[in-house]
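Subject: Structure handover and notes

Dear colleague,

Please find the structure below, followed by my notes on what was found in it.

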Amino acid sequence: MTALSTTVPVSGPRSASRAGSLSGLGVLLRLALRRDKVMLPVWVYAAIGSVAATAVSFRKLYPSTAAREQFAASINTSSSLRALYGPVHDGSSIGGLTAWRMGAFGGVVVALMSFLLVVRHSRAEEEAGRLELVGAGAVGRRAPLTAAVGTAVLGNVLVAVLIPVILIALGERASGSIAFGVSLGAAGLVFTGTAAVAAQLAETGRAANGLCGALLGLAFVVRAAGDAAGSNGPGWLVWLSPLGWTEQVRAYGGDRWWVVALALGCAAGLTAAAYVLVGRRDLGAGLLPQRPGPAVGAAWLRSPAALAWRLQRGSLIGWSLGFLIAGAVFGSLANGVLSLLQGNAQLEQIIRRMGGQQVLVDSYLATMTNLLGMVAAVYAVQAVLRLRGEETGGRAEPLLATAVSRLRWAGSHLAYPLAGSALLLLAGGLGTGVAAGAVLGDVGGRTTDLLGGALVQLPAVWFMAATAVAVVGLLPSRTSAAWGVLGGLLLIAYLGPVVHAGQWLLDLSPFTHVPRLPGSAFTVEPLLWLTVLAAALAAAGLAGLRRRDLG
């Protein structure tokens, strides 16, 4: 294909009008929304469902204003809890506590939604070659990027509108509810612009997502450092993070709209930069230089397993380091959990009836290991779907044209969701155990307990990975359904207990059946059943992969 568009030349939009550069935008936007008819609602539901469940939970836990203010005071005196969630700006209302609890984490959810959607419909389309096919028609140079950005903008607008509707329906103040919803939507728009720029810089969708993910992680760490420091340290670090801007809006505690304007201005600037960059590069190329590979492959790259390691190692190493750091952060906050009891006689009495402070700490650590397991499931599904990426990218066919069988090729990649997820959980459990032991005074015992608590999540992670294998093998054209299933089951496990969902619904998630260690009794039966079901799903998927046509 020599022509990208009959309207705009490949070299850029300089000779075309603005209208010409956006030719075909409506068709591309409808196509993107059709492709995301499952993914986009799941992301929006994850954001608004988390907020609604949090508000309902706080209403039940702290029904009186005095109880809420006492709880807020204990949070603001704990630097570790401020680092995790930020400070409470309005502790007298349910809305204020909800904004505190979901400010940073809600920002992470909308940021993930935004950059995954933008990269999916821009850089990933170029990498797969589909954008060249589409561009051979009357499609403007900037239309694909505009459609990708428009899809993410729609998701953030829905979040910004629906969250206030839900909070107002729950009886919270309208101005604070609107400020909170808009602040989350604005954070998502900042990362929409970030992804639009990353899609011009990187040459692959994986690299663009990795760049956005690294920036999101940096934004969270910078915000956490500023919040933990408070007024006695470099609290100004909060202003360097888009996630910090979300909490600095101070919904229900001041409603500072000029901070929203700051985020929207940053988003507009990043998006404008992306539009400039898209006209300065060739289709399929990125602006960041790519390191050329050697003229002759290494001697060890002579097997499918070696090739899979070459393709998967970067992701595995990055995820492992992330789990180790996240575990260390979670573990270091264990001592801060005890500060919640100071001056809170009602909560202290409840904890004493449950078994004392040890129960509270164990419950917190068990929740963190469960969270690590859920995140490991994301890695596992991502690693499985690399199979489909190799297939649609045309890289699997030359390999399978040799004496390599399909099962051998698939097995080389499936070793990573199987063993790689175990490595992630080991890193997370080690980081959590060492850090928790350091602050609680029992490094050896805590490390042993939390390594076990992390590894017990493996059967649930394998079940999610096996579900993705079944989708790739039996429904290759619906691989996005693997993400939909993962998101749905994770939401059930995360929000179901908070909203007191029925047991039949909770039982749908594999993470419901995992023993919560440390602190609860260990039972092997559910782990065996999960492993058997995972093996059956994986076998069905591999059988389908062996029989169906490639592509």
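Y252 is found in the loop between α12 (242–248) and α13 (257–278), where helices such as these (H or I, at least four residues) and strands (E, at least two) are DSSP runs, numbered from the N terminus. This is a predicted model, in which local features need pLDDT of at least 70 and side-chain atom pairs count only at pLDDT 80 or more, while totals for chains, interfaces and linings use all residues. Residues are numbered from 1 along each chain as its sequence is written, and side-chain values use heavy atoms, with hydrogens and water left out.

Y252 has a positive phi of about 70 degrees although it is not a glycine, and D255, which lies in the loop between α12 and α13, has a positive phi of about 50 degrees although it is not a glycine either. Most residues other than glycine have a negative phi, and most peptide bonds are trans. Y252 counts as buried because its relative accessible area is 5%, where buried means under 20% relative accessible area, exposed over 50%, and partly exposed in between (1.4 Å probe, protein chains only). D255 is buried too, at 14% relative accessibility. A cis peptide bond, with omega of about 0 degrees, joins L517 and P518, and P518 sits in the loop between α23 (503–506) and α24.

Turning to the chain as a whole, there are 24 helices and zero strands, and buried residues make up 51% of its 551 residues. Among contacts (heavy atoms within 4.5 Å) between residues at least 6 apart in sequence, 76% join residues at least 24 apart.

D36, in the loop between α2 (25–35) and α3 (39–61), is buried at 0% relative accessibility. The side chain of D36 makes a polar contact with the side chain of R120 (2.9 Å); a polar contact is a pair of N or O atoms within 3.5 Å, and within protein one must be able to donate a hydrogen and the other to accept it, while residues adjacent in sequence count only if both atoms are side-chain atoms.

With a disulfide taken as a pair of cysteine sulfur atoms within 2.5 Å, the count comes to zero.

Best wishes
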